[in-house]
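Dear colleague,

I am passing on the structure that follows, together with some notes on what was found in it. Please keep it open while you read.

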Amino acid sequence: MAATGAGWLVSAEPQAVVGIDGAVAELILNRPRRLNAITEEMLLAIEDGIDLIEARRSVRALVVRGEGRAFCAGADLAAAGLRLDDADELAGHAAIWRRVLQRLESSPVPSIAAVHGVAVAGGLELTLACDMVAMAADARIGDGHAKWGLFPSGGVTQRLPRTTGKRHASWLLFSGELVDAREALAIGLVNAVVPPEELLDHVRDMARTIAARSPAAVASMKQAVRAGSDGAALGAGLDLEGRLLQEHRHRPDMKIGQAAFTSRTDPRFPDL
């Protein structure tokens, strides 16, 4: 699943690679020998990658994937040398996780995770910070913290119930069991399940479809959807939608879309 192509590579941090192809960026976890287990260095590289992607105003969709045999096997606690009995050290470690995943989640660029192999614990948390997920038919996904006596720090206790509902989330969290792609689709954990050899093409097609839409409309929709999934009351969510509508009417995208609809042509929207 390596990236190829002249000019594709934009950033080559040791543990995360960013590439841009037209309006689609890819953020690639790059520790294949460790099944892309996440270190603090990788988290910081992910954060830098998001900054780089957002600075490219032409980027309208992001694919998040892992190099090698797996999407991500979770946090690499051994590499971090983390002292779990040190309150300050543990709090600092958790703060980095929360900051980076919130950064991804709040980015105006919509993101799609491409899960192959396994996505466990921190790997699951990374997918939950993405807007959409596609999964290989032979992959598995789950939390796993409870199985090893650990407690999560990347938001899974909050994002997972908001994604699958309390019942499914409780089982995944309390049991630590992994589920296959069919069950992940059934409980709303992923958007699509595809043959392994088709995963990357499928996710790139999803990204290109979104990239062809109005980036201003998509960014505002993402903001509104996030507010709702974060637990905003219906009335507050509808008020936000109304405010975003008024902001959007000042952008050229509405007129461009209306003109294209009338002339039966494909609209070409400006970058954000």
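**Salt bridges within the chain**

The side chains of Arg34 and Asp76 come together in a salt bridge, with 3.3 Å from N to O (a salt bridge being a side-chain nitrogen of Lys or Arg within 4 Å of a carboxyl oxygen of Asp or Glu). Arg34 sits in the loop between strand 3 (24–29) and helix 1, and Asp76 in the loop between strand 4 and helix 2 (77–80), so the pair ties together parts that are 42 residues apart in sequence. Helices (H or I, at least four residues) and strands (E, at least two) are DSSP runs, numbered from the N terminus. Arg34 counts as partly exposed because its relative accessibility is 47%, whereas Asp76, at 6%, counts as buried; here buried means under 20% relative accessible area, exposed over 50%, and partly exposed in between, with a 1.4 Å probe and protein chains only.

Before going further, please note that this is a predicted model, in which local features need pLDDT of at least 70 and side-chain atom pairs count only at pLDDT 80 or more, while totals for chains, interfaces and linings use all residues. Residues are numbered from 1 along each chain as its sequence is written, and side-chain values use heavy atoms, with hydrogens and water left out.

The structure holds 13 salt bridges. Side chains of opposite charge can pair when their charged atoms come close. Another of these pairs is formed by Arg99 and Glu47, whose closest N and O atoms are 2.8 Å apart. This pair links distant parts of the chain, with Arg99 in helix 3 and Glu47 in helix 1, 52 residues apart. Arg99 is partly exposed, at 40% relative accessibility, while Glu47 is buried, with a relative accessible area of 14%.

A further salt bridge joins Arg226 to Glu105, and there the closest N and O atoms are 3.6 Å apart. Arg226 belongs to helix 9 (residues 215–229) and Glu105 to helix 3, so that this pair, too, links distant parts of the chain, 121 residues apart. Arg226 counts as partly exposed at 25% relative accessibility, and Glu105 is buried at 16%. Both residues belong to a network of salt bridges that links Glu105, Arg159, Arg226 and Asp230.

The protein is divided into domain 1 (16–211) and domain 2 (214–263), with bounds that come from an automatic or database domain assignment. The C-alpha centres of the two domains lie 26 Å apart. In all, 11 residues of domain 1 are in contact with 8 residues of domain 2, where contact means heavy atoms within 4.5 Å. The area buried between the domains is about 750 Å², of which carbon and sulfur atoms give 52%; buried area is the accessible area (1.4 Å probe) that two parts lose on being put together, summed over both.

Between domain 1 and domain 2 the count is 2 salt bridges. Lys222 forms a salt bridge with Asp131, and the closest N and O atoms of that pair are 2.9 Å apart. On the side of domain 1 that touches domain 2, the largest share, 3 residues, comes from helix 3 (residues 87–106).

Arg60 is found in the loop between helix 1 (40–55) and strand 4 (61–66), and at 13% relative accessibility it counts as buried. Leaving aside neighbours within four places in sequence, Arg60 is in contact with residues including Ala23, Val109, Ile210, Arg213, Pro215 and Phe269.

Val203, in helix 8 (residues 199–211), counts as buried at 0% relative accessibility. Not counting residues up to four places away in sequence, Val203 touches Val63, Ile112, Ala114 and Ala134. Val203 and Val115 are 88 residues apart in sequence and 9.8 Å apart in space, C-alpha to C-alpha.

Ala136 lies in strand 7 (residues 132–136) and is buried, with a relative accessible area of 1%. Beyond its neighbours within four places in sequence, Ala136 is in contact with Val115, His116, Ala181, Val193, Val194, Pro196 and Leu199. From Ala136 to Arg182 the separation is 46 residues in sequence and 9.8 Å in space, C-alpha to C-alpha.

With best regards
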